[in-house]
Amino acid sequence: MITVEDLCKSYGETAVLRDVVLSLPRGGLTGIIGPNGAGKSTLLSIIGRMMKADSGRVLLEGLDLARAHGAEVARRLAVLRQDNHLAARLTVRDLVAFGRYPHSRGRPTEADATHTARAIAYLGLEPFADRFLDELSGGQRQRAFIAMVLCQDTDYILLDEPLNNLDIRHAVGIMTLIGKAARELGKTVVVVLHDINMASACCDRIVAMKDGRILRHGPPETVMQADFLEEVYETPIEVHRLSGRLVAVY
Amino acid sequence: MIARRMVALGLAALLAAVLFMTLGARGNWDFVLPFRGRKLAGLAMVAVAIALATVIFQTVTRNRILTPAIMGFDSLFVLVQTGLVFLFGSARLSALDPRLSFAVETLLLCGFAGLLYRWLFGASQRGLHLLLLVGIVFGTLFRSSAGLMQRLIDPDEFLVLQDRLFASFNAVDQDLLGFSALILLAVSIALWRMLPLLDVLALGRDAAIGLGVDHDRTVAIVLGLMTVLVAVSTALVGPVGFFGLMVANLAYLLLPTTRHAVLLPAAALIALVALIGGQTILERVFDYDTALAVVIEFLGGLFFILLVVRGKSR
């Protein structure tokens, strides 16, 4: 369980997070949605320890993330940020193997190699395993990064807009994979999404944010309501039920 | 492939060293070997120090065309030297124990890096680019202040100073050899223990934190080690601008890997081949007609332009 307590963060005069309180139970796939500048990525960055909060704290099963030992946290929580530009020329296998670092501390064992191979297979990356990252398409590269995060073998996974710049086929593919990982492997996955229909279709819970606050948190039905979404996005939105799913039309 | 190339580099370095020791030797071996040996040791230490410093600096900054020189390190060295001559005069300085002045210079360099680093990282979490920018500004400031003092001092003093400031591989500072060797050994051991950590740092700040590395602290340690390495090489031969850039990038080119367990020794070996081999050729083939520093700066400069033009800045 991830507990966020009274988190505040501002850049200069601009408050990005205002007293955010959130508790995410174990298991399942949670989507964070909201307009640009709502504070979604900032929230994820603070939970992922890439940024420090001005006040408040984040607990992972009672462990204060800001004070805990980095390696200890990295064995329980994996984070994938939005922009993964790598200067280093790495093969897919090298990249995925980095996920074992919190466990192996740079001295990989047989078990680490098995984990790496399994993560590569899970994302269907075997044909590209020995290719360099800059020789892959955007979708393949994104899958490689997700494989690295899975390879870290943590109970909790945070993903910041993993569908950015992907076409429909790859976006659906990756979202399905993430959902599968959450259900099959029993992980708790939190993912920032721009596409509310994707969130509605794939997530078990949705957190809706705006102006640094959490407006609503619950199963898709509680968030996918026309008047509420209009308030969040300040755009006329209709919500329809199509083949069993709630779909927003805008 | 990597193993084969490493062996080849090792053999090339060994060959360069053997040629340096034996080629064109006349007279008493009892004199030639210790005499050349000291010089060889000095060159080797400079080569290794510059190579290691550049590679770890580029890893931490995730950039392949910036070198420690851009942080204003060589300029600070110039400023310290100029300031000492300006304040005390060259005669009194020559009387000083070189180990003492080396220790003072190293401390000044480390202090400067530490201050700059703490100040900037305290203020900003994404400090590295700001740090580099400030480094460039400080570099210019140091260079200009040194330039001002150089214009004010006695022309004779200026000549002495110029002699100290130009990189010279012929006149490796002999008194500092043992001292530098110890420091270099200590830094190398520290780096060797950090090898996997350096690999993770190369992935960038976010990924490193995600993998449980205390990024800011580790970067501070790496930059500290780099400062000591720069101090060793500048104290031995003076500032050498483009040499590090050249050997680091040759290492990346020859060995397409990101593992520092390969990259660091490879860059060091390339530096050894270039420096010792180059010095051998200049001394024995061209009879000291040109200065190696000039040749290296010329080739390094060309290399730098090539890198910029080919857009390999990342």
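Visitor: Is A:Asp155 buried, exposed or partly exposed?

Guide: Buried means under 20% relative accessible area, exposed over 50%, and partly exposed in between, with a 1.4 Å probe and protein chains only. A:Asp155 has a relative accessible area of 35%, so partly exposed is the label. Before we go on: this is a predicted model, where local features need pLDDT of at least 70, side-chain atom pairs count only at pLDDT 80 or more, and totals for chains, interfaces and linings use all residues. Residues are numbered from 1 along each chain as its sequence is written, chains are lettered from A and ligands numbered from 1 in the order in which they are written, and side-chain values use heavy atoms, leaving out hydrogens and water.

Visitor: Which residue forms a salt bridge with A:Asp155?

Guide: Side chains of opposite charge can pair when their charged atoms come close. The rule here is a side-chain nitrogen of Lys or Arg within 4 Å of a carboxyl oxygen of Asp or Glu. For A:Asp155 the partner is A:Arg26, with the closest N and O atoms 3.3 Å apart. These two sit 129 residues apart, A:Arg26 in the loop between strands E2 and E3 of chain A and A:Asp155 in the loop between helix H6 and strand E7. Helices (H or I, at least four residues) and strands (E, at least two) are DSSP runs, numbered from the N terminus.

Visitor: How many salt bridges cross between chain A and chain B?

Guide: The rule finds 1 across that interface: A:Arg81 with B:Asp206, at 2.9 Å, N to O. On the side of chain A that touches chain B, H2(A) gives the most, with 3 residues.

Visitor: What is the area buried between the two chains?

Guide: The size of an interface is often given as the accessible area lost when the parts come together. Here that's about 1900 Å², with carbon and sulfur atoms giving 60%; the value is summed over both parts, using a 1.4 Å probe. In contacts (heavy atoms within 4.5 Å), 27 residues of chain A meet 17 residues of chain B.

Visitor: And aromatic pairs: how many does a search of the whole structure find?

Guide: A pair of aromatic rings is described by the distance of the centres and the angle of the planes. Rings of Phe, Tyr and Trp (its six-membered ring) pair if their centres lie within 6.5 Å; planes under 30 degrees apart are stacked, over 60 edge-to-face, and the rest tilted. The search finds 1 over all chains: B:Phe138 and B:Phe142, tilted, 5.7 Å centre to centre with 50 degrees between the planes. Both lie in helix H6 of chain B, about one turn apart.
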